[in-house]
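Trainee: I want to go through this model with you. Can we test each term against its definition?

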Amino acid sequence: MSESIPSDIPLLEMRGIDKRFPGVHALADVSLTLQQGEVLALLGENGAGKSTLIKMLGGAHSSDSGEILISGCPANIHSAMSARDAGVAVIYQEFNLIPDLTVSENMFLGREKTKAGWIEQKAEQKETRHWLAKLGMDIDPDTPCRRLTVAQQQAVEIARALSTEARILVMDEPSAVLTDREVEKLFEIVRDLRAQGIGIIYISHRLDEVFEIADRLMVLRDGRKVGEGKVAETSRKELIEMMVGRSLEAEFPERNVEKGNVRLEVRNLNRGRTVRDVSFSVRAGEVLGISGLVGAGRTETVRLIAGIDAKDSGEVLVNGKAVSVWNPRKAIAAGICLLSEDRKTEGLVIQHPIRENFGLPNLRKFSRGAVLKESEETKAFERYKNDLKIKASSPDQRAGELSGGNQQKVVLAKWLERNTDIIIIDEPTRGIDVGAKFEIYQLINRLAAEGKAIIMVSSELPEILGMSDRILVMHEGRVMGEINDVKNATQEDVLSLAMKTVEANT
Amino acid sequence: MRKFFANYGMILVLVLLCAFFSVVTIQKESAIGVGAAETTVESLVESAGKDDRIVVVGGARSESADFVRMVSSRLEEAGFTKVIKVIGTPRDFVVKMEELEQVGTPAAVLIGGGDVTKWTAWENIISESSDLNVVIPEEKIYSAFLRKGNLVAVVDRIVVIAVIAIGMTLIILTGGIDLSVGSLLALAAVISTLIMKWLGGLDAPAWVVWLGFFGGVSACGLIGLTGGLLVAWFRVAPFIATLAIMMMARGLAFILTGGFSVYQVPESLTWLGQGKTLGIPNTVVILVVLYVAAHLFMAHTRFGRYIYAVGGNREAARLSGVPVKWMLIFVYFVGGLTAGFAGCIQASQLNSGAPNLGTMFELYVIAAVVVGGTSLSGGSGKIFATLIGAFIISVIQNGMNLLGFESYTQTVVLGAVILISVLIDKIRTSGGLVKLLLE
């Protein structure tokens with residue numbers, strides 16, 4: 001960066017961007033600049049307008065007013081194609097890879113290398129290998145993308161972006177799906193790209209990452225720019241306060257709950273190689289954290305308990321009585337509900353109104369006989385809407401139009417209304433911003449205080465340590481250990497259990 | 001209001017179509033209403049003798065038949081003794097006139113109105129016999145489309161497809177499809193008429209008709225249920241499961257009848273599809289009752305909501321405790337029932353059962369559902385929108401009939417209408433043509 005030279009024109013400039021959706025002013029007069037070889041962290045709570053801004057850059061939305069300049073020239077970006085031509089590449093949270101096509105086919109999708117109408121597969125594969133090697137990834141270009149790990153898929157996305165000679169790379173929550181080791185690798189790649197003069201806009205909810213990788217940061221709140229500055233000159237506290245718009249006391253709220261009887265007991269659960277001989281119990285008023293690396297079998301375990309997948313063997317006891325949970329309906333009837341980690345594919349019907357999503361598990365309650373009392377449903381929903389501060393223009397707004405945090409609140413609301421004794425939350429705060437996180441933690445505490453038994457699966461160690469009464473650590477489908485004295489435990493304690501290999505069992 | 005149009009936007013298209021056909025089918029025709037009947041009789045009281053032979057002509061299956069009945073009963077009241085009613089085809093009319101001539105008692109007065117005055121036979125006879133006193137009621141301007149008889153014909157024509165479309169809407173809302181409905185229609189028609197044939201044939205009592213209907217509908221319900229089991233429990237793709245059923249049901253209908261139509265049915269079979277209740281055609285009653293019931297079910301019961309949820313996101317629905325498999329079985333069951341009932345209506349309208357009925361109907365039904373705006377990927381759509389879709393198709397067919405298009409042209413136009421309505425829907429839901437093309 002050479003700010004002192006007056007002729008230095010920013011790589012990207014967005015000026016006075018304004019966008020309204022029905023009922024929402026998504027972006028109000030937002031401006032953004034990005035220099036060559038700079039990593040700009042774009043921050044803000046869910047619904048602050050980050051995604052909208054990024055989609056404009058990627059050509060998925062058009063702005064109502066404002067302009068985009070690239071290297072000083074006005075760029076007319078109105079489609080993904082024109083964005084690519086302008087040198088912008090956006091890597092969305094949901095990858096745009098076609099699972100059944102190979103890596104190189106995905107790399108060149110829409111711009112195949114052809115000679116007289118024939119695709120030159122050799123040349124494509126060679127170039128694919130070249131770009132992947134540049135990222136330090138060794139992936140066979142002939143592998144179908146469905147066989148890649150998430151990190152590898154991301155690498156393919158980045159490689160594809162680079163191969164289009166993008167000068168501006170936008171990454172939306174790139175680390176959300178990666179393990180810690182993979183994140184390190186990602187950072188190496190980002191630093192490398194920065195050194196090559198590529199401008200990077202990096203969106204993340206993980207503040208640690210921002211301080212590690214970004215040069216400058218910009219904060220959005222409610223569609224407005226509320227702060228901007230060099231990362232080196234900003235403190236963590238300042239940043240959080242900017243995002244939330246108020247000062248935060250602690251990251252995790254206090255909880256003081258008397259534990260009751262054992263609500264849920266699981267004995268010797270098994271399913272193939274993913275869940276092996278898992279046993280544990282949870283008391284009323286207790287929060288049990290389940291930790292472990294990705295693929296340790298945490299999600300698989302709780303899915304068995306909630307009746308989503310069938311178990312090979314094992315027992316589930318609720319309040320001391322064995323219950324059959326061979327489908328979700330039975331599990332719910334037995335008092336077990338699961339808030340799944342993937343809201344969009346498992347938690348919500350995204351094209352339906354949030355009120356109907358909220359009502360779905362509770363329709364029996366809102367019906368007389370088979371006849372639905374929509375007014376009761378609406379009334380109940382309005383209560384949660386106020387209580388959980390769900391930001392939506394009306395109860396009839398489609399679930400897909402809400403931000404991630406508000407979607408999670410809708411999912412929470414629907415299960416709170418169901419009022420089951422045992423609540424399993426898989427990744428309660430994935431893709432959710434700091435402010436909403438705190439609210440969700442408070443909610444978990446409230447549920448514990450009401451005497452619910454809570455199981456919380458999480459990949460975020462601070463969250464596990466901050467919220468759990470007890471921690472169960474899993475590895476390769478097994479329970480590797482239990483941490484009872486959470487107050488004095490450290491991240492290292494959890495990690496060492498999570499990475500412990502079973503020597504006796506080989 | 002905005003919400004109404006979001007759900008039922010195609011109603012505008014329907015209204016425009018109706019307005020269009022009302023205007024283009026306006027024509028001059030001699031009146032055949034009550035007033036016309038009275039003035040005709042009055043003029044005859046003055047100009048004709050009480051013993052004159054009076055022939056009153058009307059076309060079969062048209063409103064001029066009613067005119068004939070009105071005129072002749074009034075003439076008889078007025079003291080005329082030799083009134084001869086001719087209701088039938090132009091040929092029937094010519095034969096009758098020749099017969100009277102040969103017997104040596106030619107007609108003195110000839111009365112006819114409406115479509116009759118456009119028959120060539122009518123014009124020939126008037127020009128041949130100069131001493132005949134021809135009475136034609138005064139001409140008035142009509143819209144052929146808006147005639148009551150024509151509007152009932154629109155309903156009669158669509159009732160079969162519209163009834164099946166209820167089941168199809170439910171199935172498509174879950175993200176499925178049912179190709180078997182056309183064959184099931186034929187099977188129901190065949191089974192119900194065969195039952196009537198076996199239990200007395202032409203002389204069977206009315207309860208046999210109902211038993212026949214029950215047999216046809218429940219057979220189709222069972223087959224629909226089987227399809228649902230295949231889709232829900234055995235995870236066969238709906239397209240394949242119902243394709244197989246479509247072929248089996250059609251074959252079965254041919255096997256049962258040996259390939260022939262079943263005509264040995266009692267007169268009372270016609271009541272369902274051609275009769276009236278409290279002066280309202282039964283077809284209209286059927287449509288109103290079934291559609292209101294289906295709408296209430298889909299919009300105001302939890303099972304309706306479950307069906308939308310299953311189509312919107314099956315996994316999310318399952319995890320929310322929705323009985324996904326039962327709902328799938330249920331919609332295919334309803335699909336079978338509606339197809340079976342439609343088969344009974346069809347048999348009643350034709351007064352017979354034939355194994356080749358309902359060929360291609362699955363496509364017309366799917367077209368009606370799609371024209372109504374229901375998404376083939378499931379999760380969104382409305383019951384009444386399907387009814388509107390069915391009416392759009394029927395109105396277009398009827399309008400083209402009135403304008404004299406031949407059936408090949410009609411097929412082309414119908415295909416185009418399906419395309420256009422889907423395009424309109426796309427443009428509407430994506431917020432304008434520009435947005436649709438750019439995004």
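**Terms and values**

Trainee: What makes Glu374(A) and Arg305(B) a salt bridge?

Mentor: Their side chains meet at 3.8 Å, N to O. A salt bridge needs a side-chain nitrogen of Lys or Arg within 4 Å of a carboxyl oxygen of Asp or Glu, so the pair qualifies. The count between chain B and chain A is 3 salt bridges. This is a predicted model: local features need pLDDT of at least 70, side-chain atom pairs count only at pLDDT 80 or more, and totals for chains, interfaces and linings use all residues. Side-chain values use heavy atoms, without hydrogens and water.

Trainee: Which elements give two or more residues to the side of chain B that touches chain A?

Mentor: Helix 12 (282-300), helix 13 (302-312) and helix 14 (314-319) of chain B. Helices here are DSSP runs (H or I, at least four residues), numbered from the N terminus. Helix 13 of chain B gives the largest share, 7 residues.

Trainee: How many residues make the contact?

Mentor: Chain B brings 26 residues and chain A 34 residues. Contact means heavy atoms within 4.5 Å.

Trainee: Which residues of helix 12 of chain B meet helix 13 of chain B?

Mentor: Phe297(B), Met298(B) and His300(B). Their partners in helix 13 of chain B include Arg302(B) and Arg305(B).

Note on methods: Residues are numbered from 1 along each chain as its sequence is written. Chains are lettered from A and ligands numbered from 1 in the order in which they are written.
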